[in-house]
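Please look over the chain and its metal sites before reading on. The report below goes through selected local features.

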Amino acid sequence: MSRTLRVRQSQTVVPFGVGAVFDIQGESFVATGIGDWPARGRQRIESARLAARLGVSGFHAAPATVNDRFDVPDAPGAPYIRFPSWLFCGACRRMKRWRIADEKPGQPPRCPSCSPARTLAPMRFVQICQAGHLSDVDWWFWAHSRRDAGERRGCGERERLRFQVSERASGLEALSVVCTAKGCGAGRDLLDILGTHGMRCSGRNPWQRAGDAVDCVRPVQIVQRTAGNLYYPLTHSALDIPETDVPAHTDDARADEVRAHHLWVPLCQVVGTPRAVMYRTIIQEDTGADEALLDALLGEETGEAALSDVPSGGAGTAPDAGGGAARLDLSREEWAAFTAPVPPATRDFALRETTLGLGGETADPWAALGRRFGRIVLADRLREVRALSGFTRVSPDATVVPVDTARRLKWLPAVEVFGEGLLLTLNRTALTEWEDDRDVRKHVAGMRADLDRSFQKDRLETLTGAELAPRFVLLHTLAHLLIRQLSFESGYTTASLRERIYARPEQDQYGILVYTAAGDAEGTLGGLVRQGEPPRLAETLLRMTEAAAWCSADPLCAEHTGQGFGNLNRAACHACALLPETSCETGNTLLDRALVVGGAHVPGYLETIVTAARAAAADALEQE
Ligand SMILES: [Zn+2]
Ligand SMILES: [Zn+2]
Ligand SMILES: [Zn+2]
Ligand SMILES: [Zn+2]
Ligand SMILES: [Zn+2]
């Protein structure tokens with residue numbers, strides 16, 4: 001029986017982008033570097049703005065058909081190769097190292113010993129290192145690891161292994177790898193397999209040739225192939241916006257200062273070397289320019305700097321890529337486009353302005369609600385380009401492996417998605433007043449201290465701006481609450497909605513965009529913008545606020561002084577404010593319901609609405 005393996009085109013960036021390991025129909029694969037992509041059938045994706053910011057020549061999407069290329073070597077599509085290559089037979093327990101020559105088109109791997117042939121299953125464990133390398137566990141070494149070096153040399157066969165299950169034990173202890181070479185019989189169970197065991201790193205990823213391996217000295221970690229720390233994609237996304245005159249900004253004066261610096265030209269000439277790091281530091285000290293500005297200017301100047309100007313991660317690794325790219329701020333132009341007078345619609349960008357429809361309301365809670373929010377803009381059509389520049393393993397701040405492991409290609413894999421969106425802004429005056437409150441500032445200062453300690457600081461700063469402002473946590477939490485409420489009311493799954501937070505005080509931002517993330521060219525069918533029309537949105541916001549005042553994990557959740565990843569959340573948990581990973585820009589961090597509805601000795605921005613809604617409900621009861 002022949003089988004077809006498919007990955008949707010939109011999944012070729014996330015979650016099945018370069019370097020990701022995933023299961024399809026009981027088989028396990030890894031997506032290869034873009035150097036292996038066939039030129040035939042790949043589709044160019046336009047996004048000049050994102051390309052300029054990332055310093056790349058452009059973007060390509062994988063052809064719609066996707067197959068593991070060992071099946072059909074010339075098939076168009078993003079290539080995937082079988083990984084891990086160590087497989088085992090569930091019937092006879094024999095282990096087999098599967099090679100390209102063993103692949104049969106359209107067929108899963110089958111046991112060479114069993115008759116009729118049984119399909120082989122992939123081993124559950126693989127090894128990774130901080131430099132982003134990935135390889136099979138050296139199962140022969142594992143089986144012989146309890147023997148001394150002399151005894152190991154005595155074993156003549158490297159690939160006669162069995163993956164045994166014992167009835168007498170349970171869990172990992174019940175599993176063992178045993179050498180069946182003549183006269184050997186070495187073996188070891190898997191009880192303590194997770195972690196480091198002094199094994200050597202292969203110095204490469206599975207699609208790289210042995211000759212491309214670097215001499216890697218990083219400790220190797222054995223993990224399950226489905227482990228969360230196996231793969232952290234580094235993605236970038238930009239919305240298509242019409243050209244707007246972005247108001248002059250202090251960055252422009254500073255940019256001139258950077259370009260006039262006597263080390264600017266030398267820096268451009270030595271990008272990617274240790275000397276560049278030195279020049280950068282001096283220029284930054286002299287001009288006060290931040291990382292993002294230098295990245296952007298280098299990107300403009302050299303066309304590739306943003307992807308290669310980060311110092312290497314340590315001995316034995318190639319220069320890092322992408323870390324700088326993650327610091328690019330695309331929010332400025334997007335915010336300007338959304339808040340400018342509504343521009344004429346283009347094919348990929350159609351906006352219209354609306355209101356909450358509370359203009360004539362004098363009675364609370366509606367009047368109170370109207371006073372807290374500002375302009376509402378509906379986007380009937382949006383186009384988003386999502387690109388992948390690389391990935392890390394072990395932790396998000398480890399060495400970045402670029403999507404082209406050979407570092408020759410100047411383009412990035414990307415997908416375009418069409419959808420619709422809803423931009424919600426706050427009342428600027430009300431926001432500023434709230435943000436000036438002493439208790440609000442003190443509360444957020446605590447979160448800022450946790451953020452400063454976090455290894456995610458650099459990455460999150462690309463979203464929050466240089467300093468975490470109360471409005472960021474407020475707007476971010478609002479985005480989560482609104483997505484949850486919209487999904488509850490409209491039938492959208494939370495995973496089909498995404499957020500963009502515009503909350504940099506220095507750029508006078510005070511809004512959020514909630515948008516659909518459908519994968520196809522048709523986009524979605526107007527369901528989200530309908531939710532944004534009056535009177536629906538006001539009703540949704542009121543229900544959202546009331547719901548946010550209570551979490552099923554309260555009082556525990558409400559009183560938390562640090563939960564979630566890196567303790568970066570306050571009152572926010574799975575029961576009240578978290579979203580699927582794909583919906584959130586910050587990895588579900590920097591959230592706090594208290595800033596929205598009050599509590600924890602801090603006034604909430606929408607607290608008056610909670611109070612007013614409760615009073616109105618009590619009045620209604622009395623009148624009955
Ligand atoms: Zn078998
Ligand atoms: Zn042996
Ligand atoms: Zn390594
Ligand atoms: Zn909660
Ligand atoms: Zn989020």
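## Basis

This is a predicted model: local features need pLDDT of at least 70, side-chain atom pairs count only at pLDDT 80 or more, and totals for chains, interfaces and linings use all residues. Residues are numbered from 1 along each chain as its sequence is written, chains are lettered from A and ligands numbered from 1 in the order in which they are written, and side-chain values use heavy atoms, with hydrogens and water left out.

## Strand β22

Strand β22 spans residues 511–516. Helices (H or I, at least four residues) and strands (E, at least two) are DSSP runs, numbered from the N terminus. Six of the six residues of β22 are buried. Buried means under 20% relative accessible area, exposed over 50%, and partly exposed in between (1.4 Å probe, protein chains only). In a regular strand the side chains alternate between the two faces of the sheet. In β22, Gly-511, Leu-513 and Tyr-515 point one way. Ile-512, Val-514 and Thr-516 point the other way.

β22 has pairing partners in β20 and β21. Two strands pair if DSSP finds at least two bridges between them. Strand β20 (residues 411–426) pairs with β22 in the antiparallel sense over five bridges. Leu-423 has Leu-513 of β22 as its bridge partner. Strand β21 (residues 497–502) is also antiparallel to β22, over six bridges. Glu-499 has Val-514 of β22 as its bridge partner.

## Zinc site

The zinc ion (ligand 3) has Cys-129 (SG), His-133 (ND1), Cys-201 (SG) and Cys-216 (SG) as protein donors, at 2.1 to 2.3 Å. Donors are N, O and S atoms within 2.8 Å of the metal (3.2 Å for Na, K and Ca); water is not among the atoms, so sites may look incomplete. Along the chain, the donors of this ion follow the spacing C-x3-H-x67-C-x14-C. Cys-201 and Cys-216 both lie in the loop between β14 (195–196) and β15 (221–224), 15 residues apart.

Why is the arrangement around the zinc ion (ligand 3) tetrahedral? Its four donor atoms subtend angles of 102 to 116 degrees. Four donors count as tetrahedral if all angles lie between 85 and 135 degrees. Cys-201 counts as buried because its relative accessibility is 8%. Cys-216 is buried too, at 3%.

## Ring contacts

The structure holds 11 aromatic pairs. Rings of Phe, Tyr and Trp (its six-membered ring) pair if their centres lie within 6.5 Å; planes under 30 degrees apart count as stacked, over 60 as edge-to-face and the rest as tilted. One of the pairs is Trp-37 with Trp-411, tilted, at 5.5 Å centre to centre and 55 degrees between the planes. Trp-37 is in the loop between β2 (27–31) and β3 (43–45), and Trp-411 is in strand β20, 374 residues apart. Both are buried. Tyr-231 and Phe-391 are also tilted, because their centres lie 5.5 Å apart and their planes meet at 45 degrees.

Ring pairs also link Trp-335, Phe-338, Phe-349, Tyr-502 and Tyr-510 into a cluster. Two arginines sit over ring faces: Arg-188 over Trp-142, at 3.9 Å from the ring centre, and Arg-372 over Tyr-605, at 4.3 Å. A charge sits over a ring if NZ of Lys or CZ of Arg is within 6 Å of the ring centre and within 35 degrees of the ring normal.

## Cysteines

Cys-573 is buried at 12% relative accessibility, and Cys-576 is buried at 8%.

Terms used
Tetrahedral: all angles 85-135°; square planar, octahedral: opposite > 155°, others 65-115°.
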